[in-house]
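Have a look around it first, and then let's go through it piece by piece.

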Amino acid sequence: MPDVVIIGAGIVGCALAARLAEGGINVTLIDQAEVVAGASGANLSLVLWGDAEPGVSLTLTRRAWDELPAEIADLEARTGLGVEFRPIHTLALVPDGLDPRAVLAGGAHLTEAGFETELIDAAAVRALEPAVDLGGVRAAVYQEQAAINPFLFTLAWADRARAAGASIVTDTRVTGFRMDGERIVGLETAGGPVVGDLYVLATGAWTRALAMTAGVDLPEDHIIGQACVTEALPPLLHGLVGEAGDKRVSFELEVAARGGDASGLRLVEFAAIQAMSGNLVVGQVSHGGPSVGEGVRPGSLRDLAAGLVRRLPVARSASIIRSWAKPVPFTPDHQPLIGPVPSRPNLFVASGLKSALIITPLLSKLIAGAIADGDLGPLRAFSPGRFEERRLDGR
Amino acid sequence: MDDEVIVCRCEEVTAGEVRAAIRAGTRTIAAIKKRTRAGMGLCGGRTCARLMARLLAEETGLPAAAVAPPRARPPVRPVPAAALAEED
Ligand SMILES: Cc1cc2nc3c(=O)[nH]c(=O)nc-3n(C[C@H](O)[C@H](O)[C@H](O)COP(=O)(O)OP(=O)(O)OC[C@H]3O[C@@H](n4cnc5c(N)ncnc54)[C@H](O)[C@@H]3O)c2cc1C
């Protein structure tokens with residue numbers, strides 16, 4: 001059994017650490033900050049199947065969704081942490097100018113996988129979410145999905161990893177790799193070298209930058225997602241209310257096409273959900289990278305607040321108490337990057353996930369299996385080897 | 001500080017809950033916030049950050065300077081949504 005060093009203590013790194021440690025593998029999990037410092041604590045808390053792309057992603061998402069209640073029950077029983085998993089409806093309001101039938105047809109692959117996606121009219125939306133101001137909207141896409149507390153979900157996996165013997169090292173940034181030819185023989189960190197047999201990049205949107213220090217350029221870019229939260233309010237929203245849009249994919253393509261600096265590009269997609277604590281979480285204004293680590297831009301905070309006031313006028317005097325900006329990765333084909341890097345046999349990537357919350361419990365199990373017996377199985381579809389490799393030494 | 005003492009009034013988190021989080025491996029104020037919600041309320045942790053720092057120093061033996069409070073994130077003070085929405 002290899003000794004595994006995982007870099008990145010987000011949902012992916014923590015769940016994988018738990019699975020590997022429970023399989024008897026010696027695991028070290030390292031983060032530059034703390035557990036759940038990246039996108040895993042900065043999201044809208046949705047357990048979403050609505051984003052799954054046709055193909056292997058959808059098959060795995062279906063299986064992940066079916067297994068999730070049992071996985072959550074097991075996680076809570078082992079750790080004693082309640083993760084606030086709950087079914088909710090999601091309503092995507094169809095704005096003027098988009099044809100509701102076309103929006104619905106865009107989800108045909110979901111229906112085929114047994115995920116019910118329906119169009120409902122304005123009266124039905126009002127009955128479900130009386131606080132929402134529809135403006136001129138006449139229809140919405142209705143789906144029964146779920147939500148979870150992303151902090152507690154990630155922390156529970158970290159607790160589980162620790163309980164199984166994994167060692168979690170925080171405040172330790174990995175700055176580079178020690179190489180022996182194509183093999184990695186150690187990590188450089190501020191706290192000194194860290195050595196293992198297999199190195200896993202669970203570094204989310206930071207993956208490309210870190211892989212560069214091992215001499216490979218992975219095809220992954222990122223956008224910066226920004227969101228904010230209000231003070232706790234009485235019950236106001238039952239599920240997620242957002243606006244159906246078709247701009248994310250073209251936005252990402254534009255960001256990728258800009259290469260180095262896409263920070264001038266931005267996208268506003270309104271969505272709001274009420275956490276169990278009563279706070280409204282409001283998303284999402286995104287801009288292009290590379291500015292990882294900066295806070296929310298003032299103009300973005302204004303647009304988030306404006307979206308809230310427009311769609312939920314009863315919340316107009318609610319105080320906005322926090323905001324954040326975190327990078328989310330994406331790849332050219334919108335599928336994750338999972339598997340060994342072809343030219344770096346002991347470097348394994350587990351990154352590029354969009355809706356990580358739903359799929360990570362299953363994915364971590366499959367990745368741990370792949371690491372233990374060297375067979376990627378269905379994950380082969382996500383292997384970095386599907387793209388032509390770009391090595392920095394030009395070979 | 002007794003376990004029953006409320007450390008964070010906004011979110012009603014007790015010293016006992018903060019201690020339990022520290023014993024589970026939490027080593028920074030930012031991390032305690034994520035686990036317990038202490039400091040996540042309307043006041044933005046203005047009073048409780050100091051108490052959390054004290055508990056952290058007591059439980060871990062870390063020097064007070066090592067348990068730095070987290071960086072403030074905009075808005076620094078709570079602002080009504082409608083007022084933010086109209087800024088230009
Ligand atoms: C505003 C917003 C809304 C979102 N909404 C949803 C949603 O509702 N549902 C959903 O499923 N997904 C959502 N997402 C996406 C989701 O949050 C991510 O897919 C997921 O968190 C990715 O997890 P991860 O573990 O791969 O990465 P991360 O959580 O980003 O973890 C990467 C970790 O690596 C560490 N790291 C990076 N570089 C180094 C280094 N050199 N050395 C040491 N450590 C390092 C970082 O500190 C970080 O902790 C949203 C994202 C955002 C920003």
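In what order do the elements of chain B run from the N terminus on? They go β-β-α-α-α-β-α, and that gives chain B four helices and three strands. Keep in mind as you look that this is a predicted model.

Now for the place where chain B meets chain A. Chain A puts 31 residues into this contact, and chain B puts in 25 residues. Between the two chains, about 2400 Å² is buried, with carbon and sulfur atoms giving 55% of that area. On the chain A side, the residues that lose the most area to chain B are A:Glu34, A:Arg302 and A:Arg322; together they make up 23% of what that side buries.

Where they touch, 29 residues of domain 1 of chain A are in contact with 31 residues of domain 2 of chain A. The two domains of chain A bury about 2500 Å² between them, and 67% of it is on carbon and sulfur atoms.

That brings us to the ligand. Why does it lie between domain 1 and domain 2 of chain A? Both domains give residues to the shell around the ligand, so that is where it ends up. In total, 31 residues surround the ligand, and the closest are A:Asp31, A:Ser40, A:Leu46, A:Val174 and A:Lys354. Sorted by class, the shell has 15 nonpolar, 12 polar and four charged residues.

A backbone N or O atom of A:Ile11 sits 3.3 Å from an oxygen atom of the ligand, while a polar backbone atom of A:Leu44 is 3.1 Å from a ligand nitrogen atom. For A:Leu357, a backbone N or O atom lies 3.0 Å from an oxygen atom of the ligand. Taken alone, the ligand exposes 1000 Å², and the protein buries 97% of that. As for the elements of chain A that give two or more residues to the ligand's shell, they are α1 (11–22), β15 (319–330) and α10 (356–373).

Conventions:
Residues numbered from 1 in each chain as written. Chains lettered and ligands numbered in written order. Predicted model: local features only at pLDDT ≥ 70, side-chain atom pairs only at ≥ 80, totals over all residues. Heavy atoms only, no water. Near = heavy atom within 4 Å. Polar contact = N/O pair within 3.5 Å; in protein donor to acceptor, adjacent residues only side chain to side chain. Areas by Shrake-Rupley, 256 points an atom, 1.4 Å probe, with all protein chains shown as cover. Nonpolar A, V, L, I, M, F, W, Y, C, P; charged D, E, K, R; others polar. Domains from an automatic or database assignment. Contact = heavy atoms within 4.5 Å. Buried area = accessible area lost by both parts, 1.4 Å probe.
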